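Please read these points with the model open beside them.

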There are 2 protein chains.
Amino acid sequence: MKIGLFGYGVIGRGVYTLVGELSKNYDVEVTKVFDLPIKKELLGDKLVTEIDEIINDKDIKAVVEVLGGHDLPYEVITRSLKSGKSVITANKEVVSNHLEEFINLAHENNVSFCFEASAGGGIPVIRPLIDNIKVNDVNNIYGILNGTTNYILTRMDEDDLSFDDALQQAKINGFAEANPTADLEGLDIVRKINILSSLAFKGNIKNDDIYHYGITGINKEILNNIKSEGYVLKYVASSLRVNDDCVIRVEPTMVKPNHPFAAIKNEFNAVLFTGSTNGDLMFYGKGAGSIPTATAIVSDLVSILENRAYIDYKNERKLVVNKNISNKYMYYVVDENNNGKFIENVSDDDLLKSKFYARVL
Amino acid sequence: MKIGLFGYGVIGRGVYTLVGELSKNYDVEVTKVFDLPIKKELLGDKLVTEIDEIINDKDIKAVVEVLGGHDLPYEVITRSLKSGKSVITANKEVVSNHLEEFINLAHENNVSFCFEASAGGGIPVIRPLIDNIKVNDVNNIYGILNGTTNYILTRMDEDDLSFDDALQQAKINGFAEANPTADLEGLDIVRKINILSSLAFKGNIKNDDIYHYGITGINKEILNNIKSEGYVLKYVASSLRVNDDCVIRVEPTMVKPNHPFAAIKNEFNAVLFTGSTNGDLMFYGKGAGSIPTATAIVSDLVSILENRAYIDYKNERKLVVNKNISNKYMYYVVDENNNGKFIENVSDDDLLKSKFYARVL
């Protein structure tokens, strides 16, 4: 199978390398790579600088989209699917906004749309979740879904670093982008919990409807106070459904040291969901990084090569997001002097007036 | 699709119920159930008491084998595959002994052989492992693979129970069989780590070649001593490959409280393996119980219904098991007075002379 690759950044290079490895066992080859002219030296004749050169190539049966951003990836994905090519993407922004459209387009054109790498990076969680909801209901999902912020909180805790120093460490080690706002404020996590929740709850969810509160207000003194209360601080997305109502929140969250999330450290991610028949399932692995993400993409490619990539997402519920079906959550609300209090039944307005707050799980 | 069910015990009843649920979305029905005549009242005309009544039924395209034991399941599985039926089983004893034969038979007869429930119960781990090794190498696996023993160790630790009282609790709560020897001595775990290792390392492994040491020697004083050394005691299977040599051991194992295994409690199981490109992955869920196991079986059935159940196991390495490629493990060896010492480079003979021992992970 001939593959077109859109984007030759860190993930694209990982995909290119792993497909090379895969070609030892499968008839598969990346024949064209779309990127800027500057990549000519690296890619030689494989480089194309117009997306049409891949989309109009009838020999290319599948494309991998790792461009980043929204508009160009959206065009690439929709036009590729319409021209009868299967699509694999790691792009959480596009997938969270257009999941139903992409899956319908794939079905109409008798091709596959795969997005395992778009939530949870290298962790295989999309496929197990899809499989699971065919046999039972999944009505809640918890996730540590961002490597950068989990790395920062781990380093602050274990190396006694300030927030700024831990962020600096994350940048040096390649876990934080130059502009880490989307990570620190939870926007990256919003997109991932959207994808997982849409699949599990079988309805469309808007990113804008998901509540999120960042971790930038944390400091060492608050973290030490949380620790002395007997908790570990994590940045957690939680998603809960009752009938058509759901609550989806991304916020700093305190867990007991024996909670499975307490052991999720550094750039690792985890997704925990509860099946109505089989109980809690948790998936843990590297949520970020070039090669783990590329591994998830190439794993999707193998499922296409083996003709088992079919995904039948159903948008069958008119979900109402953040109708507050449960206001029984306990919160730890921090004042100007870094002192915290446990409070129940607190409004989001009051939470946002605090210096920092964390949900108690 | 018409399904034949072999065995109407606790798991079989769970499968029967879940297939009933599944028939709301798929054209699927259990038309015949093989069991003893005593089940007539429960099953009516669906009961058959000769296996041939299912195997020779040309309308039945897939069978579920949940009989338990070895000889009859082996006959049922091989004859069903040969007669062109896909087979789903949870039977670790049969699968660990005949994995290659079953997969080859399935391929020859153009049907599927599925065994997700045979290792890790309700945790989806077989499929992610198979997917993973198509993209990279997996050279080590660690597992908490037995619900009974993990439940016993958790209750001893958290409720300060004696071994006998914790075992009694496990029996009362349905987590231990009347004769729990296969669980307590590690034979059950041997079969599961065999299945996972055979798949990951791409070679056949004999159950008899896997080293195992039971947990019956534990007592409260030893457990307290382990705790005061700063460790949590778990019953762990470990499997490590270097080239064609591997070390596979099932033994009591001490982990630090921040190790992901420390949070795996009660009847929960976990499998941790390391991919050469994507790093550590861990899968966590209920390893035992009627409905979780039935969920894994029905999930396999969905993959058959959707034509994506293909598994291509390769026996391509002549594995030599328990050639001691690494004798660097640290052990905690307990004397007659329940006192332990940390020892490196100790032989298995010396370990077996102790009152109890645990590997230090």
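1. Two strands pair if DSSP finds at least two bridges between them. Strands (E, at least two residues) and helices (H or I, at least four residues) are DSSP runs, numbered from the N terminus. With that, strand β2 (residues 29-34) of chain A pairs with β3(A) in the parallel sense over two bridges, and Val33(A) stands opposite Leu47(A) in β3(A).

2. On conventions: the model is predicted, local features need pLDDT of at least 70, side-chain atom pairs count only at pLDDT 80 or more, and totals for chains, interfaces and linings use all residues. Residues are numbered from 1 along each chain as its sequence is written, while chains are lettered from A and ligands numbered from 1 in the order in which they are written.

3. The sheet of chain A is open, has six strands in the order β3-β2-β1-β4-β5-β6, and shows parallel pairing. β3 (47-48) and β6 (113-114) of chain A are at its edges with a single partner strand each, so one side of each has no neighbour in the sheet.

4. Chain B has an open sheet of six strands, ordered β3-β2-β1-β4-β5-β6 with parallel pairing. Its edge strands, β3 (47-48) and β6 (113-114) of chain B, each pair on one side only. Further in the list of pairs, strand β4 (residues 60-65) of chain B and strand β5 (residues 86-89) of chain B are joined in the parallel sense over four bridges; Val63(B) has Val87(B) in β5(B) as its bridge partner.

5. Which helices lie across strands of these sheets? The angles here run from 0 to 180 degrees between N-to-C directions, and axes are lines fitted to C-alpha atoms, for helices over the stretch in contact. Contact between two residues requires that their C-beta atoms, placed from the backbone, lie within 7 Å. Helix α4 (residues 71-82) of chain A lies across β1 (2-6), β4 (60-65), β5 (86-89) and β6 of chain A, at about 155 degrees to β5(A). Helix α12 (residues 290-305) of chain A lies across β4, β5 and β6 of chain A and runs at about 160 degrees to β5(A). In chain B, helix α4 (residues 71-82) lies across β1 (2-6), β4, β5 and β6, running at about 155 degrees to β5(B).

6. Helix α6 (residues 126-135) of chain A and helix α10 (residues 187-201) of chain A have axes that come within 9 Å and cross at roughly 20 degrees. α6(A) and α10(A) are therefore roughly parallel; angles under 35 degrees count as roughly parallel, over 145 as roughly antiparallel, 65 to 115 as roughly perpendicular and the rest as oblique. Leu129(A), Ile130(A) and Ile133(A) in α6(A) meet Leu196(A), Leu199(A) and Ala200(A) in α10(A). By class, this contact of α6(A) with α10(A) has six nonpolar, no polar and no charged residues (Ala, Val, Leu, Ile, Met, Phe, Trp, Tyr, Cys and Pro count as nonpolar, Asp, Glu, Lys and Arg as charged, and the others, Gly among them, as polar).

7. Helix α7 (residues 147-159) of chain A packs on helix α8 (residues 163-172) of chain A at an angle of about 125 degrees, with the axes 9 Å apart. The two, α7(A) and α8(A), are therefore oblique to each other, and their crossing is right-handed. Among the residues in this contact are Tyr151(A) and Ile152(A) of α7(A), and Phe163(A) and Leu167(A) of α8(A). The contact of α7(A) with α8(A) divides into seven nonpolar, two polar and one charged residue.

8. How are the two chains related? A rotation of 180 degrees with 0.0 Å of shift along its axis superposes chain B on chain A, with RMSD 0.0 Å. That is the relation of a two-fold axis. The superposition is by least squares on the C-alpha atoms of residues with pLDDT of at least 70 in both copies. The copies meet through the same surface, because 100% of the interface residues of chain B are also interface residues in chain A.

9. At the interface, 37 residues of chain B are in contact with 37 residues of chain A. Of the elements of chain B, β12(B) gives the largest share of the side touching chain A, eight residues. That side of chain B divides into 19 nonpolar, twelve polar and six charged residues. Strand β12 (residues 279-286) of chain A and β12(B) run antiparallel and are joined by five bridges, and Gly285(A) stands opposite Leu281(B).

Key: Left-handed = near helix turned anticlockwise from the far one by under 90°.
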